[in-house]
Amino acid sequence: MDELIKTVRQNKTSIVIALAILMFVAFGFCPAIDVAGKAKINGLKVLFEGSGLGFSRFLSVLIFLAPMLVVLNNSVNLKLTGKLSEHFCTLCFIAGVVLCLLFAIALPSGISLSWGSWLYMLISLLGIGVCRIDIFTKN
């Protein structure tokens with residue numbers, strides 16, 4: 001276990017970027033919503049062709065934005081100040097989970113989350129764990 005923690009600490013930036021990309025793929029290209037148990041629609045279709053979904057479409061924009069900001073911050077190194085620079089990736093991963101839960105609540109009746117959205121939330125929770133590994137392990 002100590003080797004795993006040591007490896008995660010050494011490759012933290014790469015792992016965080018990979019998790020953010022997997023989040024984008026999970027919501028964007030995997031089935032994100034299930035319409036009446038018959039049709040499964042991915043997140044990109046919800047975003048661009050989801051007429052009648054209203055607030056859910058807006059939330060899907062924010063759901064896509066959370067992992068993009070993580071990748072942008074870690075690749076370009078945004079000029080953030082204070083505590084925000086330390087906790088930006090954690091906040092983006094937390095926002096991803098919260099936004100996906102809000103997305104589930106805002107969906108009209110007969111539409112539920114599919115496995116792509118659940119995978120998005122699971123990967124987001126893993127991202128929180130990787131970003132805050134120093135707090136979880138007191139070594």
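Predicted model: local features only at pLDDT ≥ 70, side-chain atom pairs only at ≥ 80, totals over all residues.

Colleague: How many aromatic pairs does the structure hold?

Modeller: Six. One of them is Phe-24 with Phe-64, a tilted pair. Their centres are 5.1 Å apart, with 55 degrees between the planes.

Colleague: Which helices do Phe-24 and Phe-64 lie in?

Modeller: Phe-24 is in helix α2 and Phe-64 is in helix α4. The pair therefore ties together parts that are 40 residues apart in sequence.

Colleague: And Phe-24, is that buried, exposed or partly exposed?

Modeller: Partly exposed, because its relative accessibility is 24%. Phe-64 has 4%, so Phe-64 counts as buried.

Colleague: What about Phe-27 and Phe-103? What kind of pair do those rings make?

Modeller: Edge-to-face, because the planes sit at 80 degrees. The ring centres are 5.6 Å apart. This pair links distant parts of the chain: Phe-27 belongs to helix α2 and Phe-103 to helix α5, 76 residues apart.

Colleague: Buried or exposed, those two?

Modeller: Phe-27 is buried, and Phe-103 is buried too.

Colleague: Let's move to the core. How many residues are in the largest nonpolar core?

Modeller: It has 36 residues. Those with the most contacts inside it are Val-16, Phe-27, Ile-63, Val-70, Phe-93, Phe-103 and Tyr-120.

Colleague: Which elements give two or more residues to this core?

Modeller: The helices are α1 (2-10), α2 (12-28), α3 (43-49), α4 (55-76), α5 (83-106) and α6 (115-131). The strands are β1 (31-35) and β3 (111-113). The largest share, eight residues, comes from α5.

Colleague: Take Val-70. What does Val-70 touch?

Modeller: Val-16, Ala-20, Cys-89, Cys-92 and Phe-93. That leaves out residues up to four places away in sequence.

Colleague: Now helix packing. How do α2 and α5 sit, roughly parallel or roughly antiparallel?

Modeller: Roughly parallel. Their axes cross at roughly 15 degrees and come within 12 Å. The crossing of α2 past α5 is left-handed.

Colleague: Which residues make the contact?

Modeller: On α2, they are Val-16, Leu-19, Ala-20, Met-23 and Phe-27. On α5, they are Cys-89, Phe-93 and Phe-103.

Colleague: And α5 with α6? What's the angle there?

Modeller: About 155 degrees, with the axes 9 Å apart. That angle is why α5 counts as roughly antiparallel to α6. This crossing, α5 past α6, is left-handed as well.

Colleague: Which residues meet there?

Modeller: From α5, Cys-89, Thr-90, Phe-93, Ile-94, Gly-96, Val-97, Cys-100 and Leu-101. From α6, Ser-117, Tyr-120, Met-121, Ser-124, Leu-125, Gly-127, Ile-128 and Cys-131.

Colleague: I see a serine in that list. Is Ser-117 buried or exposed?

Modeller: Buried, because its relative accessibility is 0%. Ser-117 is found in helix α6.

Colleague: What is Ser-117 in contact with?

Modeller: Leaving aside neighbours within four places in sequence, Ser-117 contacts Phe-27, Pro-31, Ala-32 and Cys-100.

Colleague: What about Val-130? Where is Val-130 found?

Modeller: Also in helix α6. Val-130 has a relative accessible area of 11%, so Val-130 is buried.

Colleague: And what is in contact with Val-130?

Modeller: Val-8, Lys-12, Ile-15, Val-16 and Leu-19, again leaving aside neighbours within four places in sequence. The C-alpha atoms of Val-130 and Cys-89 are separated by 9.9 Å, though these residues are 41 apart along the chain.

Colleague: Let's zoom out. How many helices and strands in the protein chain?

Modeller: Seven helices and three strands. Along the sequence the pattern is α-α-β-β-α-α-α-β-α-α.

Colleague: What box do the C-alpha atoms fill?

Modeller: Roughly 50 × 35 × 20 Å, taken along the principal axes.

Colleague: And what share of the residues is buried?

Modeller: Buried residues make up 40% of the 139 in the protein chain.

Colleague: Last one. Of the contacts between residues at least 6 apart in sequence, what share joins residues at least 24 apart?

Modeller: That share is 67%.

Key:
Residues numbered from 1 in each chain as written. Heavy atoms only, no water. Core = buried A, V, L, I, M, F, W, Y, C linked by side-chain atoms within 4.5 Å. Buried < 20%, exposed > 50% of the residue type's maximum accessible area, 1.4 Å probe, protein only. Helix = DSSP H or I, 4+ residues; strand = E, 2+ residues; numbered from the N terminus. Contact = heavy atoms within 4.5 Å. Phe/Tyr/Trp six-rings, centres within 6.5 Å; stacked < 30°, edge-to-face > 60°. Axes fitted to C-alpha atoms, helices over the stretch in contact; angles between N-to-C directions. Parallel < 35°, antiparallel > 145°, perpendicular 65-115°, else oblique. Left-handed = near helix turned anticlockwise from the far one by under 90°.
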